[in-house]
Amino acid sequence: MNRHLLRKLPIASRMLATSLILVVLVIPVAGLLLSYNLREAVNTAFDERLESLLNVVLAGIEYDRQTDTLVLNQRLGDARFDQVFSGWYWQISDNASRVLTSRSLWDQRLPLTAGPQLQYSTISGPNGETLRKLERDVRLPRLPVTLHVAVAADLSEVDTALARFEQLLWLSLVSLGILLLLGIWCQLHWGLEPLRRIRSNLQAVERGDCERLDTDLPEELNNLATAINTVLERDRQLMSRARTAAGNLAHAIKTPVSVMMTTTEQLPASQRETMASELKRLNEAVRHHLARASAAGPVVLRPRVTLSVALEPVFNGISRLAERKNITFQKPEVPPLQLQIDAQDLQEIVGNLLENALRWATSKVVMAIYSEADNLYLSIVDDGPGMSSQSRDEALQRGGRLDEQRSGSGLGLSIVSELIQLYDGQLQLKPSPMGGLLVTVCLPCLAA
């Protein structure tokens with residue numbers, strides 16, 4: 001994994017990964033230390049037990065001068081010393097003929113190492129078992145020779161107990177590691193929950209479900225949410241001011257341009273055509289860029305609008321206009337849907353298209369609205385003269401006109417096309433089955 005991918009790794013994944021590495025490193029080290037310390041403690045306890053048994057043997061040794069034999073007049077309190085080859089043995093000898101052993105040794109002898117001090121060693125027993133041996137030299141008052149006393153015990157019990165403990169230890173440590181990781185995951189899930197709420201709030205703002213972020217958050221994130229709300233409100237105000245300024249500018253420029261175009265009619269013919277052409281270009285450019293400024297509304301923070309509510313004023317106005325022109329307008333049946341679009345932009349799209357259809361229709365205009373595959377479709381059909389393929393392409397261009405004798409700026413379809421592109425939609429012009437023009441608009445991001 002390269003550095004670029006690591007930098008994009010989610011915070012929760014980073015913290016879980018570091019926690020996993022920490023657990024994988026710490027738990028084995030802790031297990032080894034615990035196992036080592038326990039083994040040392042058990043071995044020390046075992047050696048201390050051997051030393052106690054050796055002291056009991058030393059305290060019970062007697063020398064019988066009449067029979068010239070050694071006698072142990074004290075029992076060690078462990079029955080295993082009386083069981084043959086049990087793994088627990090004691091032995092007393094003078095390196096000559098005097099030898100006294102536990103019954104468990106039977107006819108075997110322990111290897112001895114002479115020395116006045118306590119000596120621990122690990123040897124092989126009569127049955128091949130591993131023995132822990134403790135031995136030392138001792139002198140009895142009435143015995144002229146030095147006795148060598150040894151006690152040995154089988155280490156298998158210790159090894160078995162340690163193996164069982166280590167098995168339980170590692171099982172416990174693995175379980176602890178899993179529990180720690182689960183606890184860390186729960187901690188991260190709970191700790192990062194405010195961030196998920198912020199993300200959810202931002203998505204809701206983007207969808208238009210709300211206008212502000214929830215500030216019911218921990219102190220560190222509350223300040224962040226408040227700052228974001230301030231930015232959102234400032235952007236919303238700037239967008240509103242931009243639209244208002246665009247509208248005011250359009251009205252301010254409209255009258256002087258109209259006066260100049262009227263004045264142009266009084267100029268000599270040689271100057272009139274050039275001046276009229278330039279004024280027309282100026283008028284089209286101003287209207288186009290003002291339309292774009294008006295269309296560049298809050299597309300990121302666009303709200304949801306109900307189609308029937310947003311289009312009702314448009315249908316009422318178009319119906320009255322159709323009555324004055326003696327044209328039948330077949331009002332569509334609006335489905336109960338919501339669209340993530342600015343209501344003013346939706347009214348601008350539908351209003352321009354219907355006005356254009358009424359301008360060219362002979363007797364009838366039909367509109368339909370339907371949804372399909374998370375898209376909203378608007379279709380408008382008229383029975384007018386229709387358009388050629390070349391004319392349909394020109395109509396979508398800025399200032400494109402079909403008939404210079406008809407009233408209008410020629411920017412209607414251009415503005416509609418700008419708005420539809422702003423919302424990632426599509427606009428199509430096709431021949432109508434009624435003989436006129438079929439206009440189809442597709443708007444994505446349909447919300448139920």
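The axes are lines fitted to C-alpha atoms, for helices over the stretch in contact, and the angles run from 0 to 180 degrees between N-to-C directions. The model is predicted: local features need pLDDT of at least 70, side-chain atom pairs count only at pLDDT 80 or more, and totals for chains, interfaces and linings use all residues. Residues are numbered from 1 along each chain as its sequence is written, and side-chain values use heavy atoms, with hydrogens and water left out.

The chain has 10 helices and 15 strands. Helices (H or I, at least four residues) and strands (E, at least two) are DSSP runs, numbered from the N terminus. Of the 448 residues, 36% count as buried. Buried means under 20% relative accessible area, exposed over 50%, and partly exposed in between (1.4 Å probe, protein chains only). Contact means heavy atoms within 4.5 Å. Among contacts between residues at least 6 apart in sequence, 58% join residues at least 24 apart.

Two helix pairs were examined. Two packed helices are described by the angle between their axes and the distance between the axes. Helix 7 (residues 307–324) packs on helix 8 (residues 343–360) at about 25°, and their axes are 10 Å apart. Helix 7 and helix 8 are therefore roughly parallel to each other. Their crossing is right-handed. A crossing is right-handed if the near helix is turned clockwise from the far one by less than a right angle, and left-handed if anticlockwise. Helix 7 contributes Leu307, Ala310, Leu311, Pro313, Val314, Phe315, Ile318, Leu321 and Ala322 to the contact. Helix 8 contributes Ala343, Leu346, Gln347, Val350, Gly351, Leu354, Glu355 and Leu358. By class, the residues of this contact are 14 nonpolar, two polar and one charged. Ala, Val, Leu, Ile, Met, Phe, Trp, Tyr, Cys and Pro count as nonpolar, Asp, Glu, Lys and Arg as charged, and the others, Gly among them, as polar.

Helix 2 (residues 11–60) and helix 3 (residues 156–191) pack at about 160°, with their axes 9 Å apart. Helix 2 and helix 3 are therefore roughly antiparallel to each other. The crossing of helix 2 and helix 3 is right-handed. The contact of helix 2 with helix 3 divides into 24 nonpolar, five polar and three charged residues.

Aromatic rings were then paired. Rings of Phe, Tyr and Trp (its six-membered ring) pair if their centres lie within 6.5 Å; planes under 30 degrees apart count as stacked, over 60 as edge-to-face and the rest as tilted. By this rule the count comes to four aromatic pairs. One of them, Phe46 with Trp88, is edge-to-face, at 6.0 Å centre to centre and 65° between the planes. Phe46 lies in helix 2 and Trp88 in strand 3, so the pair ties together parts that are 42 residues apart in sequence. Phe46 and Trp88 are both buried. The ring centres of Phe315 and Phe329 are 6.3 Å apart and their planes stand at 45°, so this pair is tilted. Phe315 belongs to helix 7 and Phe329 to strand 9 (residues 328–330), so the pair links parts that are 14 residues apart in sequence. Phe315 and Phe329 are buried. Phe46, Phe81 and Trp88 form one aromatic cluster.

Backbone torsions were also inspected. Most residues other than glycine have a negative phi. Phe85 has a positive phi of about 55° and is not a glycine. Phe85 sits in the loop between strand 2 (69–72) and strand 3 (88–93). Phe85 is partly exposed, with a relative accessible area of 26%. Asp424 has a positive phi near 60°. Asp424 occupies the loop between helix 10 (412–422) and strand 13 (426–431). Asp424 is exposed, at a relative accessible area of 61%.

Two further residues illustrate contacts across the sequence. Leu140 lies in the loop between strand 6 (130–139) and strand 7 (146–154). Leu140 counts as buried at 15% relative accessibility. Leu140 and Leu58 are 82 residues apart in sequence and 9.8 Å apart in space, C-alpha to C-alpha. Neighbours within four places in sequence aside, Leu140 is in contact with Ile61, Tyr63, Leu70 and Leu147. Lys430 is placed in strand 13. Lys430 is partly exposed, with a relative accessible area of 42%. Neighbours within four places in sequence aside, Lys430 is in contact with Arg392, Gly436, Leu437 and Leu438.

Note on methods:
Parallel < 35°, antiparallel > 145°, perpendicular 65-115°, else oblique.
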